[in-house]
Amino acid sequence: MNNMQLLSVSANPVTRIIGKPYYDLPSTVKVMKKLYQRSAVDGFEIQNLEEWRREHPPRDDINGHRLNAWEKSPHYTSEEVSKLLLKARVPILSIHANRDVGILLCSEQDINEGKLLIHESLSLAQKVGARVCVFHLWDTWKEDFSITFLHDVLDEISCLYEVSASVENVPTHMEGVTPFDLVKEFESITLDLRWAALYDELEKFEEVKDCITNIHVRGELRGRKWVLNKAPFGVYEALE
């Protein structure tokens, strides 16, 4: 599995260390440099936030908190984001694509906007040297959509970039289908352990382990060990 041996941290939330909001890009760069200088991690995953785009507020916003963040956040072009990240001179192992991609691709009117966001994130990943770009490829609340269509769209665009377009096992409301059922046909998969625990299907990923290019671990540090909350398996068991 690519990058399996490397420890990466999602950079945007760690701005809490210095009391800054997650959308504060200069503070994100500052914290990244500090963590890397202390050899705390091998590199970083950067979320390509909709909060940074001036064109539209985040659509993936259940409680309205992200609209508030979008209104407060400075806005950047993709080129400006890449330049700021490159100034940090730290390894960017992966980019998490804009979370609105799946919502737009599963809509009836905004598919082209979704395709544009795919291009933007893959381009950003390539510019900063990230090997992986993670996608929430479907609308998690949508009860009916074509996974074949989504697969074809991602293939058509990702072949233009030297980056692995990795599809995350995010939840789905499609009846009779689990996240594993949706991601198993993709060549590159991001395994999020929280979602695998929610659907109790970690063992299913054994059959596609060679396609797993990235793993998201969401837990807490207790002593010197990472612990997953509300999961039928442990972190170290999953990583084996």
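1. Let's start with a salt-bridge network: Glu50, Arg53, Glu55, Arg59, Asp100, Glu113 and Glu120 are linked in it. A salt bridge here is a side-chain nitrogen of Lys or Arg within 4 Å of a carboxyl oxygen of Asp or Glu. The structure holds 13 salt bridges. This is a predicted model, in which local features need pLDDT of at least 70 and side-chain atom pairs count only at pLDDT 80 or more, while totals for chains, interfaces and linings use all residues. Residues are numbered from 1 along each chain as its sequence is written, and side-chain values use heavy atoms, with hydrogens and water left out.

2. Arginine 53 counts as buried at 6% relative accessibility, whereas glutamate 55 counts as exposed at 55%. (Buried means under 20% relative accessible area, exposed over 50%, and partly exposed in between, with a 1.4 Å probe and protein chains only.)

3. Next comes aspartate 100, which forms a salt bridge with arginine 59; their closest N and O atoms are 3.5 Å apart. Aspartate 100 sits in the loop between E3 and helix H4 (101-105), and arginine 59 in the loop between strand E2 (43-47) and helix H2 (65-72), so the pair ties together parts 41 residues apart in sequence. Helices (H or I, at least four residues) and strands (E, at least two) are DSSP runs, numbered from the N terminus. Aspartate 100 is buried, at 0% relative accessibility, and arginine 59 is partly exposed, at 25%.

4. The side chains of lysine 127 and glutamate 79 also meet in a salt bridge, at 2.6 Å, N to O. Lysine 127 belongs to helix H5 and glutamate 79 to helix H3 (residues 78-88), so this pair links distant parts of the chain, 48 residues apart. Lysine 127 is partly exposed, with a relative accessible area of 37%, and glutamate 79 is partly exposed with 37%.

5. Do take a look at serine 94, in strand E3 (residues 92-96). Serine 94 counts as buried, at 4% relative accessibility. Leaving aside neighbours within four places in sequence, serine 94 is in contact (heavy atoms within 4.5 Å) with Phe44, Glu45, Ile46, Ala130, Val132 and Asn214.
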